[in-house]
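Have the viewer open as you read.

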Amino acid sequence: MGEHQDQVTLLLDGLSCAACVMKVQNALQAVPQVVQVQVNLAEQTALVRGNATPQSLVTAVQQAGYGAEVVNDDAVRAEKQQCKTTQEVNRRKWQGIIALGLGAILMLWGLLGGTMSVSQNNRAYWLVVGVLVLLIMIVTGKHFYQKAWQNLFHRTATMDTLVALGTGTAWLYSMVVCVKPDFFPENARHLYFEAAAMIIGFINLGKMFEAKAKQHSSQALARLLDLTPKTVHLMTSQGTQDIPLAAVKEGMLLRLQTGERVAVDGTVTEGQGWFDESMLTGEPLSVQKHVGDKISAGTLISDGTVIYRAEQIGEQTTLANIIKLVRQAQSSKPKIGQLADKIAGIFVPIVIGIALLAGLIWYVFGPAPQFSYSLVIFTTVLIIACPCALGLATPMSIISGIGRAAELGILVRDADALQKAASADTIVFDKTGTLTKGSPKITALYCFNDYSEKQVSQLAASLEQGSNHPLAKGIVQFNQEKQGEIKPLNAFTTLQGLGVRGKVETFELLLGNQALMIQQGVDIQPAMAIWQQQTASGATVVFFAINQQLAGVFVISDPLREDSVQALQRLHKQGYYLVMLTGDQEKTARSLAQGTAIDKVIAGVLPAQKAHIIKALQQEGRKVVMVGDGINDAPALAQADVSIAMGSGSDIAIETAELTLMRHHISAVADALCLSKGILRNMKQNLFGAFIYNLLGIPIAAGLLYPLFGILLNPMIGGLAMALSSITVVSNANRLLTFKVE
């Protein structure tokens with residue numbers, strides 16, 4: 001299981017409903033060495049993970065009766081999808097207009113007094129009309145009949161089966177009446193040629209509007225793909241030379257001028273500028289970048305000129321990883337969507353069974369002409385049932401919602417996380433780097449036992465020189481400001497939850513909290529007054545010992561982020577139970593949490609204990625969201641019901657998390673949870689609409705209202721209702737594209 005797994009993207013063709021999705025998914029999962037399959041009806045794509053060959057995947061899809069091609073380049077895939085969608089819109093448009101045109105003429109003939117029944121006088125005319133309708137059905141609805149035939153061959157059924165059966169039965173019955181009118185009683189010679197043509201017309205036009213709406217829902221991802229320029233300015237010994245983006249190599253020096261977008265990730269080597277990073281982080285304010293600062297592909301230099309070194313190119317850029325995450329998430333399914341898929345898998349056969357049963361009941365118990373009524377009921381039930389609305393209900397909400405999340409600087413790894421986040425009631429925050437700025441400053445240094453400030457600063461910085469901990473960085477920076485030198489480190493050990501120990505020259509060094517000093521037998525009594533005073537004010541106190549003797553006390557402050565208090569109050573008002581988790585002393589933590597709307601402070605926590613605390617909260621019946629950014633947060637993130645990582649945090653935290661915030665503000669947590677609720681609400685609306693439509697539509701089509709009110713649904717109305725149900729689902733999902741967070 002530890003082997004490397006490839007990810008293959010297939011661009012599919014011919015999927016029309018949830019039953020098609022299940023067919024393709026089952027076909028791909030049956031291929032040896034396939035580990036995971038995500039089929040997206042709305043995007044007509046499949047993401048396949050495993051070690052199967054791409055050709056074997058394409059063959060499996062083709063054998064299931066659908067088209068497939070391998071497209072791993074996002075830009076190429078987007079271009080092909082755009083091209084396919086445009087072609088489908090144009091094709092469905094003329095197919096719909098032609099079929100509806102002929103159907104409307106026939107319908108008007110009946111409405112304006114013309115007979116729709118066969119007699120010896122008009123039989124020849126109706127035979128010509130029947131042949132003409134057949135030609136129109138073949139030209140405008142060929143795809144339905146081809147798919148239905150393939151389904152029969154593979155012993156499956158989809159929306160195409162329902163359309164083909166319904167329209168085919170209507171036409172065949174009408175044609176038999178024309179050829180053998182004497183076989184039927186006079187009152188059973190009504191023809192349904194117009195219904196067959198208009199059903200195909202309505203469904204084609206419905207699919208056209210659906211394709212247009214789906215195209216609109218994919219715009220967020222398309223905008224991300226458009227963020228990189230096609231060419232770059234390469235710095236050479238002869239000056240500046242324009243080269244294609246694909247020709248950029250690591251280490252190249254590239255020039256960037258006001259109004260241009262960054263092509264690849266890199267580091268500024270010359271100049272300075274203001275960068276608009278809103279398309280990646282959702283943060284509207286421009287950020288100033290100087291020599292040595294990192295810049296990301298897709299961001300815009302709004303003012304200034306810089307030269308930067310290309311470091312991550314192609315698929316390695318932050319933007320490429322964001323696009324990859326967005327695509328994966330858009331193809332994933334929450335549990336609520338998986339339930340809809342299971343229902344869709346048996347939906348079509350059940351509908352065919354209901355249609356046959358309803359037709360039989362009308363044939364046995366219905367009024368005369370029984371056969372004619374029976375046919376109308378059978379056709380209408382088949383046509384009104386809509387597995388496409390059921391199949392689109394969750395994917396469309398996911399595509400629109402995750403696209404909107406990306407615009408707000410929220411990256412979603414898996415759609416199921418959105419469903420879980422929407423039902424969360426408790427949020428646990430790691431303190432350092434999450435609630436606080438994560439860049440602690442040394443606000444005071446007290447020296448003891450005749451050690452000078454320079455000695456303490458140099459030796460402490462030498463001990464912490466290789467550490468990535470924010471407190472360590474604060475001590476190293478403090479030493480740099482004092483222009484102290486860094487001495488070679490001979491030994492170094494991390495003492496989990498306590499501090500560090502090491503050796504510099506002949507000095508045995510200890511740096512850490514009160515517990516470490518007590519454990520190691522260092523007398524810290526002279527510093528206890530300072531410790532009590534500073535911890536009471538919310539500062540962190542770090543003790544430093546040289547050769548088992550107290551040498552210094554560092555007072556470190558890591559203030560809350562500017563938006564933390566306001567964001568925490570916002571979350572508290574929304575009803576969340578807020579917990580702060582920290583390794584700090586109880587006094588320090590409580591002082592910091594004062595006035596922030598935090599409900600519970602858990603202090604003095606060792607990294608290994610964080611996951612246990614999350615588990616304890618879950619055992620209380622709480623649905624827990626964990627927000628963190630460090631390596632030591634990874635186990636707690638994995639344990640939580642929903643994990644949120646700050647985008648500026650460690651790679652392992654981001655890799656573990658289900659949601660990643662590209663802007664480092666706690667308000668983004670509130671935005672993410674608010675959007676999760678909005679997406680889940682939208683999915684439920686779509687599923688409710690699709691289920692209610694079918695639950696009401698099928699019985700009405702079966703003639704339930706006839707005994708009570710004398711109402712019998714026309715098959716054409718069934719076709720129109722079916723088209724409108726899909727359009728409604730897609731249009732409702734597209735409201736998420738303009739979702740406003742509270």
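This is a predicted model: local features need pLDDT of at least 70, side-chain atom pairs count only at pLDDT 80 or more; totals for chains, interfaces and linings use all residues.

Helices here are DSSP runs of H or I with at least four residues, strands are runs of E with at least two, and both are numbered from the N terminus. Residues are numbered from 1 along each chain as its sequence is written, and side-chain values use heavy atoms, with hydrogens and water left out.

**Two loops with positive phi**

Back to E505: its phi is near 55°, a positive value in a residue other than glycine. Q548 also has a positive phi without being a glycine, with a value near 65°. Q548 belongs to the loop between β18 (540-546) and β19 (549-557).

Are these two buried or exposed, or something in between? Here buried means under 20% relative accessible area, exposed means over 50%, and partly exposed is what falls in between, using a 1.4 Å probe and protein chains only. On that scale E505 is partly exposed at 41%, and Q548 is partly exposed at 42%.

**Helices side by side**

Two packed helices are described by the angle between their axes and the distance between the axes. The axes are lines fitted to C-alpha atoms, for helices over the stretch in contact, and the angles run from 0 to 180 degrees between N-to-C directions.

Start with helix α4 (residues 123-153) and helix α5 (residues 159-179): their axes come within 9 Å and cross at roughly 160°. Angles under 35 degrees count as roughly parallel, over 145 as roughly antiparallel, 65 to 115 as roughly perpendicular and the rest as oblique. The α4 and α5 pair is therefore roughly antiparallel. The crossing of α4 past α5 is left-handed, a label used when the near helix is turned anticlockwise from the far one by less than a right angle, with clockwise giving right-handed.

Helix α5 has another partner in α11: those axes come within 8 Å and cross at roughly 155°. That makes α5 and α11 roughly antiparallel to each other, and their crossing is left-handed.

**Residues that meet across the sequence**

Next, some C-alpha pairs that are separated along the chain. What are their distances in space?

| Pair | Separation in sequence | C-alpha to C-alpha distance |
|---|---|---|
| G366 and G703 | 337 residues | 10.0 Å |
| L720 and I384 | 336 residues | 8.2 Å |
| R561 and H665 | 104 residues | 7.6 Å |
| L256 and L234 | 22 residues | 9.5 Å |

To find them in the viewer, look for G366 in the loop between α10 (335-365) and α11 (370-384). G366 is buried, with a relative accessible area of 13%. R561 sits in the loop between β19 and α19 (564-573), and R561 is buried at 13%. L720, in helix α26 (residues 715-734), is partly exposed at 30%.

**Rings**

How many aromatic pairs does a search of the whole structure find? It finds seven. One of them is Y363 with F371: the ring centres are 6.1 Å apart and the planes are at 85°, so the pair is edge-to-face. The rings considered are those of Phe, Tyr and Trp (its six-membered ring), which pair if their centres lie within 6.5 Å; planes under 30 degrees apart count as stacked, over 60 as edge-to-face and the rest as tilted.

Y363 is partly exposed at 45% relative accessible area, and F371 is partly exposed at 41%. Together with Y173, these two form one aromatic cluster.

Elsewhere, R622 lies over the face of Y577, at 4.0 Å from the ring centre. The test for a charge over a ring is NZ of Lys or CZ of Arg within 6 Å of the ring centre and within 35 degrees of the ring normal.

**Cysteines**

A disulfide is a pair of cysteine sulfur atoms within 2.5 Å, and a search of the whole structure finds zero of them. As for individual cysteines, C83 is partly exposed at 42% relative accessible area, whereas C178 is buried at 0%.
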